[in-house]
Amino acid sequence: MPDSSMTEADQITGTPHPRFTKHLYGQDKTSKKFLQSYNNQLLHHAWLIGGQKGVGKATLAWKIAKFLLELGLNSHSRKHDTLDIEIDRLLDARINALSEPALLLIRREFDPKKKRTQHVISVDNIRVMSESIGYAIPDNKLRIVIIDSIEELNENAANAFLKLLEEPPPRTYFFLISHSPHTVLPTIRSRCQIVHCDHLQPDDQINVLAQLQFKNSEHHSHAISLSNGSVGNAIAILNFGGIDLYQSIVNMFQHPQQIEHPQALALQAMAGNQKNKEEYTLLVYLIDQFLSRLVKVGVMGTLDSEIFPGELALLQKLSPSPFKATQWATEYSKFKFINDEYIKGNIDSYSHVFELFNDISRKAFV
């Protein structure tokens, strides 16, 4: 299992930080939108980069940051059709070491007293950024600010940042990464150029996994099938035994009129262990996929591919008709709502999983 102690707050466990990524896959449309603005000298001062987690939003932001810091705004006589340019070796090294004065990264910080990463980006982080922006940059360079992610700003931090956007500093460009743009303050959204990163196709995910030096295995295709277009999800599935975990979830409902209680209790215990935050996140995601696949089977009668032998037959038994699919869709919506409440901190993870399995079992055997 990967050592998460060395993972940065804006990094997927078991992979390099996005600033080290050499090639961006699957986001040509979004890259071209930025390049069109750059080539036409219409570069907006703030970009909100939205999309599902794990599809390359941060990689795109870092590619753009390196592009702008290398070229500045003085090369518009030449039209650029790619973000893949030659970067000065020393500039690249400074950016990768987070020591380039023209680039600021705002993210959740490690709290040395509590020995954990903070849950939010505080107003103090924004104040420090504002002070840094006030300092002059040598050679009249651009300044780049990356916030990953913008929805992690608490209320005071969001309001403080809004003031910066209302009166943007000269030669400063903001790139705001968002996993759920609809939750960002409307006043912030209205001051940004909004772009969207699409779900990744299977071939793009295979290329990303190869770039990250994941050894090909029999689980790759199954992880991609369960990833919902996010290589970040596929990586979590591969890193934390997600295929076996998904099979355990599905197999709990293989016998009529009851769930497999030992498996349910084991999963509940995992959810209650605060040290297993990433495994818990994966557990919730795979329950989400289980419900989603039940809806699909009820409507379509089949799946594109099985994750393990016998999966389709079991899902067909649990969701044999469009009518049953509608019931599962209602359960899916309820699950999403409860999970959102958990994320806000209103209920504990153990209770969440306990109630969830009970709800699914009641729905499964009526």
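Predicted model: local features only at pLDDT ≥ 70, side-chain atom pairs only at ≥ 80, totals over all residues.
Which residues lie nearest the centre of the second largest pocket? They are Thr21, Lys22, Lys63, Lys66 and Ile87.

Two helices, helix 2 at 57–71 and helix 3 at 89–96, each supply at least two residues of the lining. Which helix gives the most? Helix 2 does, with four residues.

Helix 2 also comes up in the next item, which is helix packing. Helix 1, residues 28–39, packs with helix 2 at an angle of about 25°, and the two axes are 11 Å apart. Because angles under 35 degrees count as roughly parallel, helix 1 is roughly parallel to helix 2. The crossing of this pair is right-handed. On the helix 1 side the contact is made by Thr30, Ser31, Phe34, Leu35 and Tyr38, and on the helix 2 side by Leu60, Ile64, Phe67, Leu68 and Leu71. By class, the residues of this contact are eight nonpolar and two polar, with no charged residue.

Is the crossing left-handed or right-handed? Helix 10 passes helix 13 in a left-handed crossing. Tyr246, Val250 and Asn251 of helix 10 make the contact with Glu311, Leu314 and Leu315 of helix 13. The residues here divide into four nonpolar, one polar and one charged.

Last, some backbone geometry. As background, most residues other than glycine have a negative phi, and most peptide bonds are trans. Where are the exceptions to look at? One is Gln41, which is not a glycine but has a positive phi of about 55°. Gln41 is in the loop between helix 1 and strand 1, the strand at 46–50. Another is the peptide bond from Asp148 to Ser149, which is cis, with omega near 0°. Ser149 is in the loop that runs between strand 5, at 143–148, and helix 5, at 155–166.

That is the list. I'll take questions.

Methods: Residues numbered from 1 in each chain as written. Heavy atoms only, no water. 1 Å grid on protein atoms, 1.4 Å probe; cavity = no way out; pocket = protein on both sides within 12 Å on 5 of 7 lines; lining within 4 Å. Axes fitted to C-alpha atoms, helices over the stretch in contact; angles between N-to-C directions. Parallel < 35°, antiparallel > 145°, perpendicular 65-115°, else oblique. Left-handed = near helix turned anticlockwise from the far one by under 90°. Contact = heavy atoms within 4.5 Å. Nonpolar A, V, L, I, M, F, W, Y, C, P; charged D, E, K, R; others polar.
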